[in-house]
Amino acid sequence: MKILICDDDISVVQTMKANIVAFAEKHKINFIIDTCTNSEKVYKTETRYDMAFIDIEMPHIDGLTLISHLKEINDNIIVFVITSYECYLDSAMDLDVFRYISKPIDYHRLSRSLEIALKRFRESTQRITLEYYDEYYSIFTKDILFITTENSRAVVVTKQRKYHTNKRMSYWRDKLKEIEYFAQPHHSYLVNLRYVSEFNKTELSLVCDNQKYKIPISQRGYPNFKKSYFSYMGT
């Protein structure tokens, strides 16, 4: 797993790296860690990172611009924002930032966040096989937008296309129940929380690229959906 730490304060970079190394040694994980205090240098690179720790307020290239650049290279990168400025949090959220790390760095909080991030990384690289009569398709679970039913059989809608399957909704509910970014707002739908842009007590919106879907939320499903959403968001 390749990690980037970028902050114009060298002491923050050193502390962050020491904490990540300590976490890796404790959990016997192999991390390749790149560090940098010059955001402009990172901006000019095409290196693909799996995880990044980025300061927001830096000279030359600000953190938000840098995050956008890193996501162009790897849309699935897990980004931690290092900041003491809450005014930037809304803008960072628009870039699907994973967590906010405040200064000074707290090892225990960072450690808990890294555990969750690693779980999400493993989930984001997980594949499943769809079967429809004699046709078989292998897809990433992260690419699923939602699952619904047509003619008593499940239909899987992904970022790329819609797949019909031989299975019922109950099969997919059981198969995906351990993946934290799936939730069931309605008995006829499973949705990927990664793409939820807004919701109320009766409806949610899923947005991906230029696609937008409206999904119903049942009165019975709302409490558990709300709980799952905020748990996934870390709030």
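Analyst: The buried residues of α1 are Val12, Val13, Met16, Asn19, Ile20, Phe23 and Ala24. Because these residues cover an arc of only 135 degrees around the axis, they lie on the same side of α1; the arc is taken from the directions that run from the helix axis to the C-beta atoms. Buried means under 20% relative accessible area and exposed over 50%, with partly exposed in between (1.4 Å probe, protein chains only).

This is a predicted model, in which local features need pLDDT of at least 70, side-chain atom pairs count only at pLDDT 80 or more, and totals for chains, interfaces and linings use all residues. Residues are numbered from 1 along each chain as its sequence is written, and side-chain values use heavy atoms, with hydrogens and water left out.

Helix α1 spans residues 10–27, which is 18 residues. From its first C-alpha to its last, α1 reaches 26 Å, close to the 26 Å expected at 1.5 Å a residue; the expected span is 1.5 Å times one less than the number of residues. Helices (H or I, at least four residues) and strands (E, at least two) are DSSP runs, numbered from the N terminus.

The buried residues of α1 pack against the strands β1 (2–6), β2 (32–36), β3 (51–55), β4 (78–82) and β5 (99–101), and against α5 (107–124). Contact here means heavy atoms within 4.5 Å. On the face of α1 turned away from its buried side are the exposed residues Gln14, Glu25 and Lys26. After α1 comes Lys28, with a positive phi near 55 degrees.
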